[in-house]
Amino acid sequence: MAYINIHLSKIKYNAFVLKQILNERGIQMVPVLKCAGGDSQIAQLFAEMGFEVVAESRLNLIESKPSQLNYMIIKGTTPNEVPTLVNNATMSIQTDLNVIRAINDEAKKQNKRHHILLMVDWKDGREGILTYETVHYLNEIIQLENIYLKGIAFNFMCHRPLPPTEEDISYIEQFLNSIKQETGLSFTTVSGGNSSMLTLAMYHDLGMINELRVGEALFRGYETAHGHRLPILYEDTIELVGHITEIKPRLNMSTHQPYMQALVDIGHLDTVVAELTPDDKKLKILGSSSDLLLIDLGDADGYQIGDAITFKLGYAAIAQSMHSKHLEKKYKCDKGIELIVGNFKSTKSYKV
Ligand SMILES: *Cc1c(COP(=O)(O)O)cnc(C)c1O
């Protein structure tokens, strides 16, 4: 049986490093856990690290949440989800006035105050209100008694491959200033985007942006504007491990050379096969079906039936595997990494 290795200490390390880097720049980090399939040990880890807010995309994944964590739902809410949203999440990103009004009515019923970030479509073209609608939306939203308008959100690189630039930062600043002039509103939170903002955040001031929602960098150590590795982070916090079920010589039809082919018990039902990279660089994935991978063993001749093969995963592969109910999860802790994270913390508190 194939299984998932979840390296909790590496996730903790990545979260800690990203949080420090961003906090030093005056930016709050909201961990985006949507690729973890609602894993309660991972959620617990973020609660223990002192994160107050984490983001999730699906309402049904937060039913058994750790009590200390507030959940922000980052995928738009449909009208029939509103009661569950108000009941289970304190905060959400919204883009439709009628849904926001329904949230207000429901929050009144449940005697709650729901926090929202209003998503503005800057240039990505996926979700969000149009920039010219913003003032109208804000004037409507501030009249809703059971909605707390926490701020504005932006998003990049989810649809159009247009990375955020220095110009975007200053235009966003001008945009928010002109909104302030027209409405008198300034916001507690300007949530500036996702992992595609990280490279810019390293070398450029992010202006009025004071929050980033980070998923892929956290679990894979990549920024997503240019697909660059962030070498200070672990890329293998979550791995997939399969086992060899068969080894036979086969003929390569184009070279007419024989090679040793292994079958491994992972397929399209378990993950996004195109995003798998074998840890052993000698191995090459030749093909796949719903339940099996075909692997050219190259000159790696030590393998036997039953041996474990470990794969690094792309983001969609992590998400699909973590959402699978048919893969066992194995949680790993590493004392050495825990020690390093512990030392970061004590140096930090020593300085303060
Ligand atoms: C997925 C998502 C994020 C996190 O994106 P990463 O690129 O994984 O950091 C942030 N905001 C929204 C709205 C998302 O859907």
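**Cavities, pockets, domains and helix packing**

Guide: The model shown is predicted. A search of the whole structure finds two cavities of 30 Å³ or more.

Visitor: Which residues are the closest to the centre of the largest cavity?

Guide: The lining of the largest cavity consists of 13 residues. By class, these divide into seven nonpolar, three polar and three charged. The closest to the centre are Gly38, Asp39, Ala43, Leu61 and Tyr71.

Visitor: How many charged residues does the lining of the second largest cavity have?

Guide: The second largest cavity holds about 30 Å³ of space. Its lining is formed by Met119, Val120, Asp121, Trp122, Asp124, Gly125, Arg126, Glu127 and Asn155. Because Asp, Glu, Lys and Arg count as charged, Asp121, Asp124, Arg126 and Glu127 of this lining belong to that class. Beside three nonpolar and two polar residues, the number of charged residues is four.

Visitor: Which elements give two or more residues to the lining of the largest pocket?

Guide: The largest pocket has about 570 Å³ of space. It is lined by 25 residues, and those nearest its centre are Lys34, Arg126, Asn155, Cys158 and Asn194. The elements that contribute two or more residues to this lining are β9 (211–214) and α9 (315–323).

Visitor: Which element gives the most to the lining of the second largest pocket?

Guide: The second largest pocket has about 320 Å³ of space and is lined by 16 residues, with Gln28, Met29, Val30, Glu52 and Val53 nearest its centre. Two or more residues of this lining come from each of α1 (8–24) and β2 (28–31). The element that gives the most, with three residues, is β2.

Visitor: How many residues of the lining of the second largest pocket are charged?

Guide: The lining of the second largest pocket has six nonpolar residues and six polar ones. The charged residues number four.

Visitor: How far apart do the C-alpha centres of domain 1 and domain 2 lie?

Guide: The domain assignment of the chain places domain 1 at 8–220 and domain 2 at 238–313. The distance between the C-alpha centres of domain 1 and domain 2 is 40 Å.

Visitor: Are α1 and α2 roughly parallel or oblique?

Guide: Helix α2 covers residues 40–48, and its axis lies 11 Å from that of α1, at an angle of about 40 degrees. Angles under 35 degrees count as roughly parallel, so the relation of α1 to α2 is instead oblique.

Visitor: Is the crossing of α1 and α2 left-handed or right-handed?

Guide: The angle at which α1 and α2 pack is about 40 degrees. Their crossing is right-handed.

Visitor: Are α4 and α5 oblique or roughly parallel?

Guide: Helix α4 spans residues 97–109 and helix α5 spans residues 134–141; their axes come within 11 Å and cross at roughly 15 degrees. The crossing of α4 and α5 is right-handed. Because angles under 35 degrees fall in that class, α4 is to α5 roughly parallel.

Visitor: How are α5 and α6 placed, oblique or roughly parallel?

Guide: Helix α6 (residues 166–183) packs with α5 at an angle of about 50 degrees, and the axes are 11 Å apart. The crossing of α5 and α6 is right-handed. The angle between α5 and α6 therefore makes them oblique.

Conventions. Residues are numbered from 1 along each chain as its sequence is written. This is a predicted model: local features need pLDDT of at least 70, side-chain atom pairs count only at pLDDT 80 or more; totals for chains, interfaces and linings use all residues. Side-chain values use heavy atoms; hydrogens and water are left out. On a 1 Å grid over the protein atoms alone, a cavity is a set of points where a 1.4 Å probe fits but cannot get out, and a pocket is an open set with protein on both sides within 12 Å along at least five of seven lines; lining residues have an atom within 4 Å of a point. Grid points are joined across faces, edges and corners, and a volume is the space filled by probe spheres set on the points. Helices (H or I, at least four residues) and strands (E, at least two) are DSSP runs, numbered from the N terminus. Domain bounds come from an automatic or database domain assignment. Axes are lines fitted to C-alpha atoms, for helices over the stretch in contact, and angles run from 0 to 180 degrees between N-to-C directions. Angles under 35 degrees count as roughly parallel, over 145 as roughly antiparallel, 65 to 115 as roughly perpendicular and the rest as oblique. A crossing is left-handed if the near helix is turned anticlockwise from the far one by less than a right angle, and right-handed if clockwise.
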